[in-house]
Amino acid sequence: MPDHVLSLRQLDAHYGDFQALFGIDMQIAAGEVVAIIGANGAGKTTLLRSIAGLLQNKATQVTYQGKSIGALRADQVAGKGIALVPEGRQLFPSLSVAENLMIGAQTGRAGPWSLKKVYALFPILQERKDQASTTLSGGQQQMVAIGRALMANPDLILFDEISLGLAPVIIKSIYDALPDIVGGGMTAMIVEQDISKALSVSSRVYCLQEGRVSLSGGTNSVSRDDITRAYFGVEA
Amino acid sequence: MDWIVAIVQGTLLGGLYALFAAGLSLIFGVMRLVNIAHGDLIVLAAYMGLSTTVMLGVHPFMALLIVMPAMAGIGYVLQRGILNRTLGDDILPPLLVTFGLSVILQNALLEAYSADPQKMNAGAIETASVPVGGLTLGVLPLLTFAIAIAVIAGLQFIFYRTSLGRAFRATSDNSDIAQLMGLNKAHVFGMAMALALAVTAIAGILLGVRTSFDPSVGGARLIFGFEAVIIGGLGNLWGTLAGGVILGVAQTIGAKVDPGWQLLAGHIAFLVVLAVRPHGLFPRVAH
């Protein structure tokens with residue numbers, strides 16, 4: 001086992017002529033929960049899309065479990081055990097709740113997660129399993145999106161803005177479920193607008209600012225002032 | 001009585017039109033691709049059936065065992081080799097490329113088989129008939145209709161009960177997110193085209209047994225297929241069968257009034273449906 005599950009080396013990302021990420025370096029160790037914070041447009045989602053293969057890069061810019069995966073397509077990356085819970089849930093409207101979960105298992109990776117275990121984690125989904133996914137509330141849809149990613153039995157799970165647009169009580173219940181999810185040794189990266197939520201579940205934090213890492217460190221060792229400075233790029 | 005016969009014959013003819021249409025409907029549903037070459041692919045399947053029966057001396061229905069996998073293979077390669085490259089935000093490139101494909105197919109068939117009309121010989125079944133409630137119905141039209149129902153039920157099963165169908169629907173919903181699930185879009189689309197052309201093989205063989213065909217008849221089959229899809233409502237396979245039946249009945253009733261009105265009556269029925277229900281009779285509710 002390499003020391004780092006994931007390492008990014010000088011990762012750049014572009015949308016056409018627009019460069020969204022500039023030389024990102026990151027190392028994520030196995031079993032770590034890492035928070036990625038930053039203002040809107042800092043490149044957080046782009047970072048996750050690059051790791052998941054929705055944006056393709058130079059092969060060596062992303063190394064996962066010792067293999068260069070930067071140039072692989074998203075479906076190939078998924079097969080290697082990286083799952084993304086996308087921003088805005090993005091469930092498949094033509095599929096029922098159960099089908100949305102089952103398609104997560106399409107990669108055929110073995111592991112602890114199954115329909116039964118997802119239903120145990122989010123019991124409401126079992127009651128709603130035959131409904132169209134669009135008929136669920138936002139919070140329930142987020143549970144499906146998380147369950148769908150877990151069904152792939154990933155080694156590394158990427159959460160993009162899982163609390164966005166949800167009621168505080170729902171956010172709390174989803175964050176309460178996180179220890180059960182990552183407790184099994186899964187590595188996680190959490191992109192989150194709500195900084196205190198992100199810091200409360202993570203052991204390390206990276207702050208992005210305009211496509212560059214502006215701060216990184218242990219959750220307990222960075223101060224609020226450090227974060228404010230890294231977040232906004234101005235002296236607090 | 002004559003009118004009842006016309007309606008029943010039209011209904012059975014509708015089965016064949018539904019078979020023409022099922023592949024079109026499937027491809028459009030999965031990848032929003034309008035395949036202008038669909039009619040010519042039906043004719044290609046008919047010629048492949050003809051060659052198989054002539055070379056191996058087998059019954060046209062037995063030829064399906066060769067033509068179906070062959071057409072499916074052609075579909076997969078065609079999709080991955082050419083059509084996938086045309087798909088994108090712009091709907092024009094796939095239209096132009098499949099139009100070009102249509103021209104190429106017609107001319108290649110003309111070169112290979114000449115313009116002489118051909119027909120497949122299915123033997124006694126072509127003229128066999130059975131009495132049904134006072135009417136005498138041809139076995140072949142009845143069989144065609146039964147096959148159409150079986151094919152559509154089969155497609156429906158694949159779409160809603162199998163992991164392949166789940167992959168089709170997910171990729172159609174959001175191909176980026178489907179990639180995240182480990183689904184290779186290029187492969188999923190290839191499989192959809194393979195399935196569509198396997199159905200086309202059935203349609204082509206039944207066409208070639210029922211009537212004579214030549215390399216130029218694909219265009220009309222495409223129109224009938226399109227009309228059946230639109231009448232039934234986009235994305236609804238059972239609706240496509242209903243659309244085929246409505247088209248078939250309109251044609252036979254038109255022909256009953258005046259033999260020259262057969263095609264016109266079908267097109268008028270299509271226009272009326274389009275004017276009254278622009279989304280077809282049974283549209284799948286879009287999300």
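Good morning. In chain B, 49% of the 287 residues are buried, where buried means that 20 or more other C-beta atoms, placed from the backbone, lie within 10 Å of the residue's own, exposed means 12 or fewer, and partly exposed is in between. The model is a predicted one, in which local features need pLDDT of at least 70, side-chain atom pairs count only at pLDDT 80 or more, and totals for chains, interfaces and linings use all residues. Residues are numbered from 1 along each chain as its sequence is written, while chains are lettered from A and ligands numbered from 1 in the order in which they are written.

Let me stay with chain B. Its secondary structure consists of 11 helices and 2 strands; helices (H or I, at least four residues) and strands (E, at least two) are DSSP runs, numbered from the N terminus. Read from the N terminus, the order of elements is α-α-α-α-β-β-α-α-α-α-α-α-α. Chain B has a radius of gyration of 19 Å, close to the 19 Å that the globule rule gives for 287 residues, so chain B is as compact as a globular protein of that length. That radius is taken over C-alpha atoms, and the globule rule is 2.2 Å times the number of residues to the power 0.38. Along the principal axes, the C-alpha atoms of chain B fill a box of roughly 60 × 50 × 35 Å. Of the contacts in chain B with a separation of 6 or more, 75% are between residues 24 or more positions apart; two residues are in contact if their C-beta atoms, placed from the backbone, lie within 7 Å.

I turn to one helix pair in chain B. Two packed helices are described by the angle between their axes and the distance between the axes. For helix 3 (residues 60–86) and helix 8 (residues 185–210) of chain B, the axes come within 7 Å and cross at roughly 145°. Here axes are lines fitted to C-alpha atoms, for helices over the stretch in contact, and angles run from 0 to 180 degrees between N-to-C directions. The crossing of helix 3 of chain B with helix 8 of chain B is right-handed; a crossing is left-handed if the near helix is turned anticlockwise from the far one by less than a right angle, and right-handed if clockwise. The contact between these two helices of chain B has 22 nonpolar, 6 polar and 1 charged residues. In this classification Ala, Val, Leu, Ile, Met, Phe, Trp, Tyr, Cys and Pro count as nonpolar, Asp, Glu, Lys and Arg as charged, and the others, Gly among them, as polar.

Next, the contact between the chains. Chain B contributes 15 residues and chain A contributes 22 residues. On the chain B side, helix 6 (163–173) and helix 7 (175–180) each supply at least two residues. Helix 6 of chain B gives the largest share of that side, 5 residues. By class, the side of chain B that touches chain A holds 5 nonpolar, 6 polar and 4 charged residues.

Now chain A, which has 9 helices and 10 strands. A compact globule of 236 residues would have a radius of gyration near 18 Å, and the 17 Å of chain A agrees with this. Buried residues account for 47% of the 236 residues in chain A. The C-alpha atoms of chain A fill a box of roughly 50 × 35 × 35 Å along the principal axes.

Is helix 6 of chain A mostly covered or mostly uncovered? It is mostly covered, with 11 of its 13 residues buried; among them are A:M143, A:V144 and A:I146. These buried residues pack against several elements of chain A, including strand 6 (82–85), helix 3 (97–104) and helix 7 (168–182). At 1.5 Å a residue, the 13 residues of this helix (residues 138–150) should span 18 Å, and its end C-alpha atoms are 18 Å apart, which agrees; the expected span is 1.5 Å times one less than the number of residues.

A:N153, in the loop between helix 6 and strand 7 of chain A, has a positive phi near 45° and is not a glycine; A:N153 counts as buried, because it has 21 C-beta neighbours inside 10 Å. A:R89, in the loop between strand 6 and helix 3 of chain A, has a positive phi of about 65° although it is not a glycine. A:R89 counts as buried, with 26 C-beta neighbours inside 10 Å. A:L121, in helix 4 of chain A, counts as partly exposed, with 16 C-beta neighbours inside 10 Å.
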